[in-house]
Amino acid sequence: MPRLVLASGSPWRRQLLDRLGLPYAWVSPDVDETPRAGETPEALVHRLALAKASHVAERYSDHLIIGSDQVAVFGGEILGKPGDEATARAQLARFSGQRVTFLTGLALIDTRRASHRVCHERYDVVFRRLGDDEIARYVERERPLDSAGSFRMEGLGVALFEKLEGDDPNTLIGLPLIRLCALLREAGLDPLGDQGSW
């Protein structure tokens with residue numbers, strides 16, 4: 001039984017975690033992602049990342065549980081997953097020629113020690129000027145309806161951008177691996193170390 005569990009149903013987060021070469025299980029948590037009244041974007045991604053990990057942690061003793069959540073922030077507004085094509089097209093039209101901030105919350109629960117850490121990473125995207133036809137074609141081809149910000153960085157979404165700014169490009173896909181590696185090392189699981197005790 002792997003001692004690491006990813007609390008996510010996202011295939012993109014699993015692909016990122018695969019890069020660390022650690023054995024893990026994954027479970028898709030059922031968590032309401034609705035923001036609370038007055039909740040800041042930072043507080044929202046912290047709360048949801050921890051809620052996802054906590055939901056899964058109840059079933060796994062002696063494990064490290066990873067939770068993650070992401071939102072886009074534009075003009076002071078929190079934008080989640082578009083859910084439908086019209087909303088995705090409208091979001092991308094608003095983003096044309098603009099800077100959009102993405103916040104990705106990261107939680108690591110250590111059920112052995114009944115402890116947890118929660119943090120977030122920021123990544124900024126500057127969209128190039130986009131025409132309506134480009135936006136429509138992109139949404140039709142990629143169907144980014146379950147992605148915050150209405151694009152997939154791991155796919156054709158890269159064609160929408162002028163530049164990217166941040167410490168870890170994996171943050172934009174939904175799992176900040178640099179920070180995750182640091183949290184795992186603190187918890188005693190070094191991706192480059194001897195995995196014998198795990």
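**The aromatic cluster and its surroundings**

Mentor: Start with Phe 161, which is buried because its relative accessible area is 11%, under the 20% limit. Keep in mind that this is a predicted model. Six aromatic pairs are found in the structure. Ring pairs join Phe 161 into a cluster with Phe 74, Phe 95, Phe 102, Phe 127 and Phe 151.

Look at two of these pairs. Take Phe 95 and Phe 127. Their ring centres are 5.2 Å apart. Their planes stand at 40 degrees, so this pair is tilted. Phe 95 belongs to helix 3 (residues 85-95). Phe 127 belongs to strand 6 (residues 115-127). The pair therefore ties together parts that are 32 residues apart in sequence.

Now return to Phe 161 and its partner Phe 151. The ring centres of Phe 151 and Phe 161 lie 4.9 Å apart. The planes are at 80 degrees, so the pair is edge-to-face. The cut-off for that label is over 60 degrees. Phe 161 lies in strand 7 (161-166). Phe 151 sits in the loop between helix 4 (132-142) and strand 7. So this pair ties together parts that are 10 residues apart in sequence. Phe 151 is buried too, with a relative accessible area of 3%.

The charged end of Arg 14 sits over the ring of Trp 26. The distance to the ring centre is 3.8 Å.

Move on to the charged pairs. Side chains of opposite charge can pair when their charged atoms come close. The whole structure has 17 salt bridges. One of them joins Lys 81 to Glu 33, with the closest N and O atoms 3.6 Å apart. Lys 81 is in the loop between strand 4 (77-79) and helix 3. Glu 33 is in the loop between strand 2 (25-27) and helix 2 (41-57). The pair therefore ties together parts 48 residues apart in sequence. Lys 81 counts as partly exposed, at 47% relative accessibility. Glu 33 is partly exposed as well, at 30%.

Glu 39 and Arg 47 also meet in a salt bridge, 2.7 Å from N to O. Both of these residues are buried. Arg 128 and Glu 134 form a salt bridge at 2.7 Å, N to O. Here Arg 128 is partly exposed, with a relative accessible area of 27%. Glu 134 is partly exposed, with 28%. Elsewhere, salt bridges that share partners join Arg 99, Arg 122, Asp 124, Lys 163 and Glu 165 into one network.

Lys 81 comes up again at the largest pocket. That pocket holds about 510 Å³ of space. Its lining has 27 residues. Lys 81 lies nearest its centre together with Ser 8, Ser 10, Arg 13 and Asp 146. Helix 1 (11-18), strand 3 (64-74) and helix 5 (170-173) each give two or more residues to the lining. By type, the lining divides into 11 nonpolar, eight polar and eight charged residues.

To recap, Phe 161 is a buried residue in the ring cluster, and Lys 81 links to Glu 33 while also lining the largest pocket.

Definitions and conventions
Residues are numbered from 1 along each chain as its sequence is written. This is a predicted model: local features need pLDDT of at least 70, side-chain atom pairs count only at pLDDT 80 or more; totals for chains, interfaces and linings use all residues. Side-chain values use heavy atoms; hydrogens and water are left out. On a 1 Å grid over the protein atoms alone, a cavity is a set of points where a 1.4 Å probe fits but cannot get out, and a pocket is an open set with protein on both sides within 12 Å along at least five of seven lines; lining residues have an atom within 4 Å of a point. Grid points are joined across faces, edges and corners, and a volume is the space filled by probe spheres set on the points. Helices (H or I, at least four residues) and strands (E, at least two) are DSSP runs, numbered from the N terminus. Ala, Val, Leu, Ile, Met, Phe, Trp, Tyr, Cys and Pro count as nonpolar, Asp, Glu, Lys and Arg as charged, and the others, Gly among them, as polar. Rings of Phe, Tyr and Trp (its six-membered ring) pair if their centres lie within 6.5 Å; planes under 30 degrees apart count as stacked, over 60 as edge-to-face and the rest as tilted. Buried means under 20% relative accessible area, exposed over 50%, partly exposed in between (1.4 Å probe, protein chains only). A charge sits over a ring if NZ of Lys or CZ of Arg is within 6 Å of the ring centre and within 35 degrees of the ring normal. A salt bridge is a side-chain nitrogen of Lys or Arg within 4 Å of a carboxyl oxygen of Asp or Glu.
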